[in-house]
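Please open the structure in your viewer and keep the selection tool at hand.

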Amino acid sequence: MFDQLFQKPEIIRRYLNAPLLEDRLQYLTYRAKHGTKRDLLRTISYYQMIAITYLRLKHNERIITIKELENAAKHWAHHEMKLLRKGFSYAACKDRFIRHAKNWLKFLGRIDASRCPVPTQVTEYVDYLRKEKGLSEATISHRLFLLKKFFNQSKDKPEQLLAHLTAAHLDALLMQELRQGAYSRRTISDHCSNLRMFLHYAERRDWCRRGIADSIQSPHLYKHEALPSGPSLEEIQRLINTTEGDHPLDIRDRAIILLLAIYGFRAS
């Protein structure tokens, strides 16, 4: 499995020699059979290793509580924010850890499921996404995660929340959730879109009043806003000038820099 996900031998050895190899491979194989793409499988592999470290997972069958998971995610996010470049948020790092670690531990039966019940309405919606919309398990898992976060903002039962939901109440719940972290516009837009689709389904099932879904306003996304900014033309020219010469290293470096500058190649 790992030789299909990674190329460098040292990285493959690291994943093979890490704890819980069988448990990790079992989940990755399951996700691969259900259509998870290679890039996401690599991400899942990475977060499995992080979960082992921050949750202190060993070869025993200790059940992990939601509180433990959240605390580990906070520690991980604080660590990441010291290393990551501008544009990453604490909330996004924490949510990503929780989502991947929880899905894996739930698959293994090693998470306290009594602390994270799924509302019946959400379960029916997930069945609709799987059987009628034909969405992948990875997409369904992401949407389920966001919906559970939304319902956890309210003390009311899901059926009561939906039955009495108004546009003002919906805005208050969204603002309460979004204030918990510095989410980017793209993350907020993704969450609003997911919630809007669920509420359209809820309207058809008469779980909530008509028009609630259309009251959700997503932030405006600007074209190419996620692209990183590059150096100025003068800075590029100065960099190219540092590689002038006939030395093999200068020739190599000049070729690399020209590829980056002219064709827009990235480091990867």
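Begin by selecting glutamine 121, which lies in helix H7 (residues 120-131); helices are DSSP runs of H or I with at least four residues, strands are runs of E with at least two, and both are numbered from the N terminus. This is a predicted model, in which local features need pLDDT of at least 70 and side-chain atom pairs count only at pLDDT 80 or more, while totals for chains, interfaces and linings use all residues. Residues are numbered from 1 along each chain as its sequence is written, and side-chain values use heavy atoms, with hydrogens and water left out.

Is glutamine 121 buried or exposed? Glutamine 121 counts as buried because its relative accessibility is 10%; buried means under 20% relative accessible area, exposed over 50%, and partly exposed in between (1.4 Å probe, protein chains only). Now display its surroundings: not counting residues up to four places away in sequence, glutamine 121 touches Pro158, Glu159, Leu162, Phe198 and Trp207. Contact here means heavy atoms within 4.5 Å.

Next, select tyrosine 15 in helix H2 (residues 9-17). Tyrosine 15 has a relative accessible area of 5% and is therefore buried. Beyond its neighbours within four places in sequence, its contacts are Phe2, Phe6, Leu21, Arg24, Ser45, Tyr46 and Met49.

Move on to threonine 36, in the loop between helix H3 (21-33) and helix H4 (38-54). Threonine 36 is also buried, because its relative accessibility is 8%. Its side chain reaches the backbone oxygen of arginine 31 at 3.0 Å. With neighbours within four places in sequence left aside, threonine 36 is in contact with Arg31, Leu41, Ile44 and Ala138.

Then select leucine 260, found in helix H13 (residues 248-263). Leucine 260 is partly exposed, because its relative accessible area is 37%. Show the surface here: Ile256, Leu259, Leu260, Ile262, Tyr263 and Phe265 make a nonpolar patch of about 620 Å².

Finally, view the whole protein. How many helices and strands does the protein have? There are 13 helices and 0 strands. Buried residues make up 38% of the 268 residues. Among contacts between residues at least 6 apart in sequence, 62% join residues at least 24 apart.

Methods: Patches are made of residues with over 30% relative accessible area and no salt bridge: like charges are joined within 9 Å, nonpolar side chains (Val, Leu, Ile, Met, Phe, Trp, Tyr) within 5 Å. Accessible areas come from the Shrake-Rupley method with a 1.4 Å probe; for residues, only the protein chains shown count as cover. A salt bridge is a side-chain nitrogen of Lys or Arg within 4 Å of a carboxyl oxygen of Asp or Glu. A polar contact is a pair of N or O atoms within 3.5 Å; within protein, one must be able to donate a hydrogen and the other to accept it, and residues adjacent in sequence count only if both atoms are side-chain atoms.
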